[in-house]
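Colleague: I am new to this structure and would like to go through its charged pairs, one of its helices and its pockets. Please show it to me before we start.

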Amino acid sequence: MKTAMLLGLPYRLGANPDQHQAADCVSLSREVLKNYGIESPVPTRDWYRRMRKKDYEVFRDELKKWGTLTTTANIGVVALCKAEKGYALAVYWKGGWLSFADKTVRWSPIGGLAVLELYYPSR
């Protein structure tokens, strides 16, 4: 799905944008990265089990395996953000972040999210 078409999609844990017309922060990030030609790990059941148990460290754990810490927001960068309950992911797009706000995909300016860490693909 083209990145612009992700705007407004509803949140659903484990959803695939093409198949479900919904997404979660992992599938949102994967879809945007795919549109940039950047590979990212396929989420496993273990990831979702951890999220359902509110073990949000899974985000940091998997980002560290996939990427390298950076300080620059740019194409291919995924942000680990502070969320209402734990962590969430945002992905760089058009000078800002795509993430979930009010349970739908929204664009925010660079300073508009509580970003904790930025990761750029290692490979």
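Modeller: This is a predicted model. A network of salt bridges links Asp-18, Glu-31 and Lys-34.

Colleague: How many salt bridges does the structure hold?

Modeller: Side chains of opposite charge can pair when their charged atoms come close. For a salt bridge, a side-chain nitrogen of Lys or Arg has to be within 4 Å of a carboxyl oxygen of Asp or Glu. The number of salt bridges in the structure is seven.

Colleague: How many residues apart in sequence are the parts that Lys-34 and Asp-18 tie together?

Modeller: The side chains of these two residues meet in a salt bridge, at 3.9 Å from N to O. Lys-34 belongs to helix H2 and Asp-18 to helix H1, so the pair joins parts whose separation in sequence is 16 residues.

Colleague: Is Glu-31 buried or exposed?

Modeller: Glu-31 forms a salt bridge with Lys-34, with 3.3 Å between the closest N and O atoms. The two are three residues apart in helix H2, about one helical turn. Lys-34 is partly exposed, at a relative accessible area of 49%. Buried means under 20%, and Glu-31, at 6% relative accessibility, counts as buried.

Colleague: In which helix do Lys-65 and Glu-62 lie?

Modeller: Their side chains meet in a salt bridge of 3.2 Å, N to O. Lys-65 is exposed, with a relative accessible area of 58%, while Glu-62 counts as buried at 14%. The two residues are three apart, about one turn, and both lie in helix H4.

Colleague: Why are the buried residues of H3 on the same side of the helix?

Modeller: The buried residues of H3 are Trp-47, Tyr-48, Arg-50 and Met-51. They are on the same side of H3 because the arc they cover around the axis is only 155°.

Colleague: Which exposed residues are carried by the face of H3 turned away from its buried side?

Modeller: What covers the buried residues of H3 includes H2 and helix H4 (57-66). The face turned away from that buried side carries the exposed residues Arg-45 and Arg-52.

Colleague: How much space lies in the largest pocket?

Modeller: Among the elements that each supply at least two lining residues are helix H3 (45-52) and strand E3 (86-93). By class, the lining has 15 nonpolar, one polar and eight charged residues. The space in the largest pocket is about 710 Å³.

Colleague: Which lining residues are the closest to the centre of that largest pocket?

Modeller: The lining of the largest pocket is made up of 24 residues. The closest to the centre are Ala-83, Glu-84, Tyr-87, Ala-88 and Lys-103.

Colleague: Which element gives the largest share of the lining of the second largest pocket?

Modeller: The second largest pocket has a volume of about 220 Å³. Of its 14 lining residues, the closest to the centre include Asn-16, Arg-30 and Glu-31. Helix H1 (17-20) and helix H2 (25-35) are the elements that give two or more residues to this lining. The largest share, four residues, comes from H2.

How values were computed: Residues are numbered from 1 along each chain as its sequence is written. This is a predicted model: local features need pLDDT of at least 70, side-chain atom pairs count only at pLDDT 80 or more; totals for chains, interfaces and linings use all residues. Side-chain values use heavy atoms; hydrogens and water are left out. On a 1 Å grid over the protein atoms alone, a cavity is a set of points where a 1.4 Å probe fits but cannot get out, and a pocket is an open set with protein on both sides within 12 Å along at least five of seven lines; lining residues have an atom within 4 Å of a point. Grid points are joined across faces, edges and corners, and a volume is the space filled by probe spheres set on the points. Ala, Val, Leu, Ile, Met, Phe, Trp, Tyr, Cys and Pro count as nonpolar, Asp, Glu, Lys and Arg as charged, and the others, Gly among them, as polar. Buried means under 20% relative accessible area, exposed over 50%, partly exposed in between (1.4 Å probe, protein chains only). The arc is that of the directions from the helix axis to the C-beta atoms. Contact means heavy atoms within 4.5 Å.
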